[in-house]
Amino acid sequence: MNAEFKEYDQRQLKLMLDFIDGYETGRSGLGQLVSNLEALHSAMEDPSESFSDSFESLWGQLEVTYAMMLDEERQAPNKMESRLVAEAIPGLKALIGSQSD
C-alpha cells in the first residue's frame, strides 16, 4: 500500500475513534455511531482482512442492538443490549488503536 493510501486509512481510523468518543461522552447516539463507523470502514482503501473481520463482528453487535431498539421503538438499549455495547466499544477502540500509527 502506498503512503497516500496508508495516510488516508489512518484518517478514517482517527475519525472512528472520534465518533466512538462522541458516543461515550453523549454527544451522539448509537444510531449515529453505527452509521458513521460503517461509512468510515467502507471508505477505507486497504483494510486487512483480519481487521475487517474483527471490525464487522464488533460493529455488528452495535448494529444489532440499534436495530432491536428501532424495531421495539425504544430510545435506549435495555440491560442486555447495554452489556453488548459495553463489550463492543472497548473492543473496537482496541482494534482501531492497534491499526493506528
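Lys14 and Asp18 both sit in helix H1, four residues apart, or about one turn of the helix. Their side chains meet in a salt bridge, with N and O 3.1 Å apart. Lys14 has 51% relative accessibility, so Lys14 counts as exposed, because the cut-off for exposed is over 50%. Asp18 has a relative accessible area of 35% and is partly exposed. This is a predicted model, so pLDDT, the predictor's confidence in each residue, belongs in the reading.

That confidence can be stated briefly. The mean pLDDT of the protein is 94. Of its residues, 95% reach 70 or more. Among the elements, helix H1 has the lowest mean pLDDT, at 91. Helix H2, residues 30-43, has the highest, at 98.

Stay with H1, which spans residues 3-24. Glu7 and Arg11 form a salt bridge here, and their closest N and O atoms are 3.2 Å apart. Why can these two be described as one helical turn apart? Both lie in H1 with a spacing of four residues, so about one turn separates them. Glu7 is partly exposed, at 49% relative accessibility. Arg11 is also partly exposed, at 43%.

How many salt bridges does the structure hold in total? There are six. One of them joins Lys93 to Glu24, with the closest N and O atoms 3.1 Å apart. Lys93 belongs to helix H4, residues 79-99, and Glu24 to helix H1, so this pair ties together parts that are 69 residues apart in sequence. Lys93 is partly exposed, with 36% relative accessibility. Glu24 is partly exposed too, with a relative accessible area of 42%. Salt bridges with shared partners also link Glu72, Arg74 and Glu81 into one network.

Now follow helix H4 along its length. H4 has 21 residues. From first C-alpha to last it reaches 31 Å, close to the 30 Å expected at 1.5 Å a residue. At the start of H4, a side-chain oxygen of Asn78 comes to within 3.1 Å of the backbone nitrogen of Met80.

Which residues of H4 are buried? They are Glu81, Val85, Ala88, Ile89, Leu92, Leu95 and Ile96. These residues cover an arc of only 145° around the axis, so they fall on the same side of H4.

Gly91 is another residue of helix H4. Its relative accessibility is 23%, so Gly91 counts as partly exposed; the cut-off for buried is under 20%. Gly91 and Gln32 are 59 residues apart in sequence. In space, their C-alpha atoms are 18 Å apart.

Next comes the loop between H3 and H4, where Glu73 has its place. The backbone of Glu73 is worth a look. Its phi is positive, about 55°, although Glu73 is not a glycine. Most residues other than glycine have a negative phi. Is Glu73 buried or exposed? At 71% relative accessibility, Glu73 counts as exposed.

Helix H3, residues 49-71, is the last stop. The structure holds one aromatic pair. Phe51 and Phe55 form that pair, and it is stacked. Their ring centres are 5.9 Å apart, and the planes make an angle of 25°. Planes under 30 degrees apart count as stacked, so the angle settles the label. Where do the two rings stand along the helix? Phe51 and Phe55 are four residues apart in H3, so about one helical turn separates them. Phe51 is buried, at 2% relative accessibility. Phe55 is buried as well, at 2%.

Note on methods: Residues are numbered from 1 along each chain as its sequence is written. This is a predicted model: local features need pLDDT of at least 70, side-chain atom pairs count only at pLDDT 80 or more; totals for chains, interfaces and linings use all residues. Side-chain values use heavy atoms; hydrogens and water are left out. A salt bridge is a side-chain nitrogen of Lys or Arg within 4 Å of a carboxyl oxygen of Asp or Glu. Buried means under 20% relative accessible area, exposed over 50%, partly exposed in between (1.4 Å probe, protein chains only). Rings of Phe, Tyr and Trp (its six-membered ring) pair if their centres lie within 6.5 Å; planes under 30 degrees apart count as stacked, over 60 as edge-to-face and the rest as tilted. The expected span of a helix is 1.5 Å times one less than its number of residues. The arc is that of the directions from the helix axis to the C-beta atoms. A polar contact is a pair of N or O atoms within 3.5 Å; within protein, one must be able to donate a hydrogen and the other to accept it, and residues adjacent in sequence count only if both atoms are side-chain atoms. pLDDT is the predictor's confidence in each residue, from 0 to 100.
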